[in-house]
Structure formats: structure tokens, C-alpha cells
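This report walks through one protein model, a topic at a time. Please keep the sequence and the structure in view while reading.

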Amino acid sequence: MLCRRAPPALDRGHVWHVGRALDVEAMARAARVLLGTHDFTTFRAAECQAKSPVKTLDRFDVMKQGDEIAFYAAARSFLHHQVRSMVGSLKLVGEGKWTDAIMARALAARDRAECGPVAPPEGLTLLRVDYPAN
């Protein structure tokens with residue numbers, strides 16, 4: 001997520017451009033609400049074909065890197081649009097429209113209508129896949 005007034009030139013199509021600074025610390029606090037095993041129905045796409053919405057989010061870090069905010073999520077598996085839905089909701093936290101308590105209520109609601117906007121795919125990158133040794 002690129003947080004500055006000027007749009008990207010070289011990274012166009014590779015970052016989500018947000019035209020202003022966001023509260024990264026508040027976003028990081030709200031991301032921690034999502035850690036652990038939960039029913040992530042709120043953050044699941046309507047067309048998701050997973051058998052269960054229960055997933056375990058092992059890591060969800062939010063870090064400021066210059067004008068960019070990087071999100072690092074790790075889990076054994078994800079639901080369709082789960083990460084993009086969580087990041088879009090975290091943007092609302094960064095704008096001061098949501099708090100970590102609202103994020104917790106949205107998660108507990110298990111209702112897609114309680115989700116924030118879905119982040120665009122620009123910038124979403126699969127860094128690696130780990131497989132069990134056996």
C-alpha cells in the first residue's frame with residue numbers, strides 16, 4: 001500500500017495507492033485481533049469454495065516502509081479474498097473510521113456485510129509456500 005499524495009510511476013499496478021498517510025500503529029493493533037483460529041466468514045468471498053471458514057492466522061504484521069505499508073500474513077491456508085478483505089478493513093482502521101474493537105466485532109459477526117472494502121489485487125504477492133517435511 002503506497003500512502004502518499006503523488007501516484008506511483010514505476011510501481012503502478014504493483015501497489016495500492018492511497019492518497020494520504022494512515023495510522024500504521026492502529027492498523028497493527030487491529031491486525032493482532034485477527035490472529036489465531038477463528039471463523040473468518042466476514043472476510044470470505046461469496047464465491048469461496050472452502051469447506052470451512054475456520055482458519056488459523058499465524059502471522060499478520062503491518063509495517064511502515066517509507067511511504068509504503070507492507071502486510072505479511074501467514075497461515076496454513078486462506079479463504080478466497082481473505083487477505084484482501086482484511087487489508088481493506090485495516091485501511092478503515094488506518095483512516096480512523098474503525099478501531100480494533102470494531103475489527104473484533106466484525107470478525108465475531110461472521111457476516112460478510114460487516115467487512116470493510118476489499119483491497120484491490122495490486123501489490124498482493126505470494127512470497128512462499130511451505131510444505132510439511134513428510
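## Terms and basis

Helices and strands are DSSP runs numbered from the N terminus, a helix being a run of H or I with at least four residues and a strand a run of E with at least two. The model is predicted, so local features need a pLDDT of at least 70 and side-chain atom pairs count only at pLDDT 80 or more, while totals for chains, interfaces and linings use all residues. Residues are numbered from 1 along each chain as its sequence is written, and side-chain values use heavy atoms, with hydrogens and water left out.

## Helix α3 and the residue after it

Helix α3 spans residues 100–109, and within this helix M103, A106 and L107 are buried, where buried means under 20% relative accessible area, exposed means over 50%, and partly exposed lies in between (1.4 Å probe, protein chains only). These three residues cover an arc of only 100° around the axis, which puts them on the same side of α3; the arc is that of the directions from the helix axis to the C-beta atoms. In general, an α-helix has 3.6 residues a turn, so residues three or four places apart point the same way.

The face of α3 turned away from its buried side carries the exposed residues R105 and A108. The cover over the buried residues of α3 includes α1 (24–33), β3 (36–39) and α2.

Just after α3, R110 takes a positive phi of about 50°, and at 52% relative accessibility R110 counts as exposed. Most residues other than glycine have a negative phi. H81, which is not a glycine, also has a positive phi, of about 65°; H81 is found in the loop between β5 and α2 and, at 24% relative accessibility, counts as partly exposed.

## The largest pocket

The largest pocket has a volume of about 1,200 Å³. On a 1 Å grid over the protein atoms alone, a pocket is an open set of points where a 1.4 Å probe fits, with protein on both sides within 12 Å along at least five of seven lines, and lining residues have an atom within 4 Å of a point. Grid points are joined across faces, edges and corners, and the volume is the space filled by probe spheres set on the points.

Of the 36 residues that line the largest pocket, F71, A73, T125, L126 and L127 are the closest to its centre. The elements that give two or more residues to this lining are β4 (54–65), β5 (68–75) and α2 (82–94), and β5 gives the most, with 8 residues.

## Contacts and an aromatic pair

D67 sits in the loop between β4 and β5 and is partly exposed, with a relative accessible area of 37%. Not counting residues up to four places away in sequence, D67 touches M1, L2, C3 and R4, where contact means heavy atoms within 4.5 Å. R84 lies in helix α2, and its C-alpha atom is separated by 8.6 Å from that of P117, 33 residues apart along the chain.

The structure holds 1 aromatic pair. The rings of F40 and F43 have their centres 6.5 Å apart and their planes at 55°, so the pair is tilted; rings of Phe, Tyr and Trp (its six-membered ring) pair if their centres lie within 6.5 Å, and planes under 30 degrees apart count as stacked, over 60 as edge-to-face and the rest as tilted. At 0% relative accessibility, F40 counts as buried, and F43 is likewise buried at 0%.
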